[in-house]
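Subject: Structure for your review

Dear colleague,

Please find below the structure that I am handing over to you.

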Amino acid sequence: MCGIAGVFNGNEEFNQKLLLSSGDRLKERGPDYQGHLRIDRHTLFHSRLKIIDLTDSANQPMSLDQYHLVFNGEIYNFLALKKKLQLLGAQFKTHSDTEVILVGYHHWGIDQLLLELDGMFAFCLFDEKANQVFLVRDRLGKKPLYYFQEGQLLSFSSDIRVLHDMHKSALSTNLTSVFYYLSELSMPQPYSIYNEVSQIKPAHYIRFDLKSATSTEQCYWQVPLQKHTLTLNETIEETEALLLSAIKRRLVADVPVGCFLSGGVDSGLIVALAAQNSSKPISTFTVGLDYAPYNELDDARIVADRYQTNHNEIVVKPNITEDIEGLMKYTGEPFADSSLLPSYYITKEISQHITVALSGDGGDEGFGGYNDYGLAHRSEKYYAPLAKSKLSNARVGIDKVKHRLLRRPGDNMGSYQQYFQKEDSHKLFRDMAFFPSDQHDLWASLSNYSQGHDFVLNYWDQVWQANRHDTKVDSLMQASLQTRLLNDYLVKVDRSSMINSLEVRSPFLDTSLLSFAMNIPHELKFHKDINKFILKKIAQKHVDPNIDRRPKRGFGIPIHLWLKKELKSYSQEVILNSPFIMDHFEKSTVEKILKQHQSGEKIYTHQIWALLCLSLWQKSIQ
């Protein structure tokens, strides 16, 4: 894993700013080597974390004739592609996956190359002869890539802070992104916190013609949707085979590899299958907080003992204010998913032992693990057939009464009706902090509120329409890849790991496995109305026969306690003294939120956390 940056058609001032800022901002992403390449008014910069081919010959920027490349990521099928290219007469000077991209472009061109690549990546490829630049991002957007364009000037980086340092006087805060952030705790890609900085979309590339200063955007991949016809047992077997293949590809490295291990299905499966296919004990890591129910140490230990892993248990006593300030400075944009903190703690510990770790991220996305996925499925299964009936309301009412009288756990026909009738695009809203309409009294400017409110609703609607399918659950799951996964979960994993110079690989986000999972028929994916049924069946065999009885747990921290105790005075002081908060929000509304939360009149945990992280971000860029 690495960090990349560059400037095209820049003057000497921009080149110097790029080199100085990149060297500092990207050092955690690539602590092993930093290099740059100057060609006329163009500069490429690379900060390397050595994973594949540890020799200096694999350092970047890397060139092949008139082609020049800076690359961040891993190409999991690079050995197979290398053999394929050798059959075409290609010769290689290194053992790196970086060179495979350059040689592949030379033989295939950009479009065929991207169809061949299997991995997580962001790269810039400069074709000097054609005077063209390609900025490319992997299929799901695992690795970040920001860019700034003004006339003929183009700059890019893995880290938005590099662009801020270079173009500070030209940047303005994107308040509609802030509105989205206050609802969803993250930035709405491809937008950023700055109006003038954008992000390359997942599975897209942008081709810049440096002479004409024009650009074209191209999508090179989409998740295919064509339901399988396999039986339940066949689906379980194929899932296990694809997952094992994905794990094996991600165990390839020239440095030590280990695994995250929580008490859940996903990481447990990764560890179990990796351990069964390793010639020596694998290293596993579990984090716990010294706040009792905030750890999964006991559940994780069951898997570690079963497979005799080299297990490491980490109990963290956070230095909360120092940790959150450092993280908000590093993220470069407002980000308030509180699970960033425990992710940071475990990656910090892991990085002391290994350089690459496999995680269980992505199991919920493909296999229906989230509660709203199951609710979407059940609402179509049980309520949709009644929706047009004149007796639908009566049937719903009877079922709600039975549900209460019999004290049944879980949802009922009333919740199915409510979900089914909700506007489709609103199904993407996760109720993380401020509901869009709740921001009315928060914003000092009615115009800013109106623009932000319209933007968020249009953003969700556009994503939903772009991913509309025959069923609501298909639409929801596909659209969620471009919202909660892209904007939140992948950002969390990238920032928390890269600040600690740790590469994290996610087998469940393997595109072959994910494509298969997205096409499992709903009656199998939610068999017996059980979320994530397929993975749970596999985990019963490899992890724990009783794993399906464990409640689903998030990777959370006790911020509601912190905001009433350790962070009480600190959060109030930071928020109420923030120029950004005071300039854009109603002070009386902010004070009311803080007061009501502290008195226990209302719970505003995530709202206050969002305001705190926003304030700390703004403080970090002053």
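Predicted model: local features only at pLDDT ≥ 70, side-chain atom pairs only at ≥ 80, totals over all residues.

Helix α6 covers residues 232-250 and helix α19 covers residues 533-542; their axes lie 10 Å apart and meet at an angle of about 70°. An angle from 65 to 115 degrees counts as roughly perpendicular, and α6 and α19 are therefore roughly perpendicular to each other. Their crossing is right-handed. On the α6 side, the residues that take part are L232, T235, I236, T239 and E240, and they meet F533, I534, L535, K537, I538, K541 and H542 of α19.

A mostly covered helix

Helix α17, residues 511-518, also involves α6. Seven of the eight residues of α17 are buried, namely T511, L513, L514, S515, F516, A517 and M518. Against which helices do the buried residues of α17 pack? They pack against α6, α11 (363-367), α16 (472-498) and α18 (522-525). At the start of α17, you will find a side-chain oxygen of D510 within 3.1 Å of the backbone nitrogen of S512.

Two loop residues

Is N467 buried or exposed? N467 sits in the loop between α15 (446-466) and α16. Its relative accessible area is 3%; the cut-off for a buried residue is under 20%, so N467 is buried. Setting aside neighbours within four places in sequence, N467 is in contact with S475, Q478, A479 and Q482. With Q482 there is also a polar contact between the two side chains, at 3.2 Å.

H353 belongs to the loop between α10 (340-350) and β16 (356-358). With a relative accessible area of 41%, H353 is partly exposed. Apart from neighbours within four places in sequence, H353 is in contact with F285 and N312. H353 and F285 are separated by 68 residues in sequence, and their C-alpha atoms are 10.0 Å apart in space. The side chain of H353 is also joined to that of E349 by a polar contact of 3.2 Å.

Details of the backbone

The bond from Q60 to P61 is cis, with omega near 0°, and P61 is in the loop between β3 (42-48) and β4 (62-64). The bond from Q189 to P190 is likewise cis, with omega near 15°; P190 is in the loop between α5 (175-184) and β10 (197-199).

Which values of phi are found at D40 and D65? D40 has a positive phi, near 55°, although D40 is a residue other than glycine. D40 is found in the loop between β2 (33-39) and β3, and its relative accessible area of 69% makes it exposed. D65, which is not a glycine, has a positive phi of about 55°. D65 lies in the loop between β4 and β5 (67-75) and counts as exposed at 59% relative accessibility.

Yours sincerely,

A colleague

Terms used:
Residues numbered from 1 in each chain as written. Heavy atoms only, no water. Axes fitted to C-alpha atoms, helices over the stretch in contact; angles between N-to-C directions. Helix = DSSP H or I, 4+ residues; strand = E, 2+ residues; numbered from the N terminus. Parallel < 35°, antiparallel > 145°, perpendicular 65-115°, else oblique. Left-handed = near helix turned anticlockwise from the far one by under 90°. Contact = heavy atoms within 4.5 Å. Buried < 20%, exposed > 50% of the residue type's maximum accessible area, 1.4 Å probe, protein only. Polar contact = N/O pair within 3.5 Å; in protein donor to acceptor, adjacent residues only side chain to side chain.
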